[in-house]
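Reader: I am new to this structure and would like to learn how to read it. Could you take me through some of its features, starting with the surroundings of a single residue?

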Amino acid sequence: MAIELSNLNRMKRALLCYTRNDTIAEAMADIDYTFAGDSRGIKSVLPGMTGDDIGISNADSEFLDTVFIESVLGPMQNFMTRVEFQKAYNKAMELLANWTGEGRPIPISSTSLTDSTLEPRKVATLAVVTSESLKQRHAEAALAKAQIAALRLAIEEMFLDPGNAGTSEMPAAITYGVQSFDATADIPASIAKLTRGFKGLRNAFYVTDPGSAVVMSSVFQDCGVRGGSIGGIPVPVTEASPTDSNGGQVALVDASRIIYARDALVFKRSNDSTIWMNSEFDSNGPGEAVGLFQTDGIALRSTARISWELMDPAGCRILVGCDW
């Protein structure tokens, strides 16, 4: 989990909220301070995660902040519009400005305001571990890292998958139903085709997978495996960006035309439930009910509510078949 110095205070607050007084010193001692772009990352120990059931708290909010910042949505958040769940908002509209002479009537722009709402969608992780394994010194740090990675990947996959039309369980991808271009072997020409005529380049981002970004670095020197920029347009990268046998995808997104809503992360733990396992936990194998008390197991659940919407289909384009 790589956290830049600009986000260090946020992580400190999360640690202080999670830890009990007798473990704060140990938790803070395990922080590695890093600068922007430094890949050394940060080690975080969250002793309170395996304490009693945890509801919404400052720590939960900070934890989801970390998930959000680590995702491709993080670099875009200052351009996107944040709203509240199930509260009306007005979608962006366009007006025309006209030069007019003194005493002349001002031309009228025909438009209307339409109320819309974002319904909450839930993304969650559920892990079962033995109580013995949690006694290991860095168990909680490993769990925190795994939860962040799982939530981030689930959010990014649904955010970028052009086949995701949205359901009652998940929001539609910002790439769903948008204009699509086929890549050619000429990388600069392909990127030019994607970009030409796109309105909103000042608020734009290219989003792709690390492999495609590496190949593009052969012609765009400021772009690489950790992202970068092309012509001044930021390039966040993620392994969740769609790839198939035809190649990768490059999405061009005007982040100012995205609205989103999110709540704090909610943590729960239980050691006396019965869970239907779909992966191996004990010698009895998968596909059966497992009593946590009987197996000395602990179930750890993290749940977040998040949703988004691309307000204007013209606010996103995709370049597909990037088999460079």
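Author: Gladly. Leaving aside neighbours within four places in sequence, aspartate 209 is in contact with Val237, Thr238, Ser241, Thr243, Gly248 and Gln249; contact means heavy atoms within 4.5 Å. Please keep in mind that this is a predicted model, in which local features need pLDDT of at least 70 and side-chain atom pairs count only at pLDDT 80 or more, while totals for chains, interfaces and linings use all residues. Residues are numbered from 1 along each chain as its sequence is written, and side-chain values use heavy atoms, with hydrogens and water left out.

Reader: Where is aspartate 209 found?

Author: Helices (H or I, at least four residues) and strands (E, at least two) are DSSP runs, numbered from the N terminus. Aspartate 209 sits in the loop between β6 (204-207) and α6 (210-216). In the whole protein there are seven helices and 17 strands.

Reader: Is aspartate 209 buried or exposed?

Author: Buried means under 20% relative accessible area, exposed over 50%, and partly exposed in between (1.4 Å probe, protein chains only). Aspartate 209 is buried, yet has no salt bridge. A salt bridge is a side-chain nitrogen of Lys or Arg within 4 Å of a carboxyl oxygen of Asp or Glu. The nearest side chain of opposite charge, arginine 152, is 12 Å away from aspartate 209; here Lys and Arg count as positive and Asp and Glu as negative, while His and the chain ends are not counted.

Reader: Which side chain joins aspartate 209 in a polar contact?

Author: A polar contact is a pair of N or O atoms within 3.5 Å; within protein, one must be able to donate a hydrogen and the other to accept it, and residues adjacent in sequence count only if both atoms are side-chain atoms. The side chain of threonine 208 is the partner, at 3.5 Å from that of aspartate 209.

Reader: How many salt bridges are there by this rule?

Author: Side chains of opposite charge can pair when their charged atoms come close. The count here comes to eight salt bridges. One of them joins arginine 152 and glutamate 156, at 2.9 Å from N to O. These two are four residues apart in helix α4 (residues 139-160), so about one helical turn separates them. Arginine 152 is buried at 15% relative accessible area, and glutamate 156 is buried at 1%. Arg152, Glu156 and Glu239 are linked in a network of salt bridges.

Reader: Which parts does the salt bridge of aspartate 312 and arginine 257 tie together?

Author: In this salt bridge the closest N and O atoms are 2.8 Å apart. Aspartate 312 lies in the loop between β16 and β17, and arginine 257 in the loop between β11 and β12 (258-262), so the pair ties together parts that are 55 residues apart in sequence. Aspartate 312 is partly exposed at 24%, whereas arginine 257 is buried at 12%.

Reader: How do I read a helix, and which residues of α5 are buried?

Author: Look for the side that is covered. In α5 (residues 187-195), the residues Ile187, Ser190, Ile191, Leu194 and Thr195 are buried. They share one side of α5 because they cover an arc of only 130 degrees around the axis; the arc is that of the directions from the helix axis to the C-beta atoms. The buried residues of α5 pack against β5 (179-182), β6, α6, β11 (247-254) and β17 (316-322).

Reader: What happens at the start of α5, and what follows α5?

Author: At the start, a side-chain oxygen of aspartate 186 reaches to within 3.1 Å of the backbone nitrogen of alanine 189. Glycine 197 follows α5 and has a positive phi, near 80 degrees.

Reader: Which residue has a positive phi although it is not a glycine?

Author: Glutamine 86 is one of these, with a phi of about 60 degrees. Glutamine 86 lies in the loop between β1 (81-82) and β2 (89-90), and counts as exposed at 51% relative accessibility. Aspartate 296 also has a positive phi without being a glycine, at about 55 degrees. The place of aspartate 296 is the loop between α7 (292-295) and β16 (297-310).
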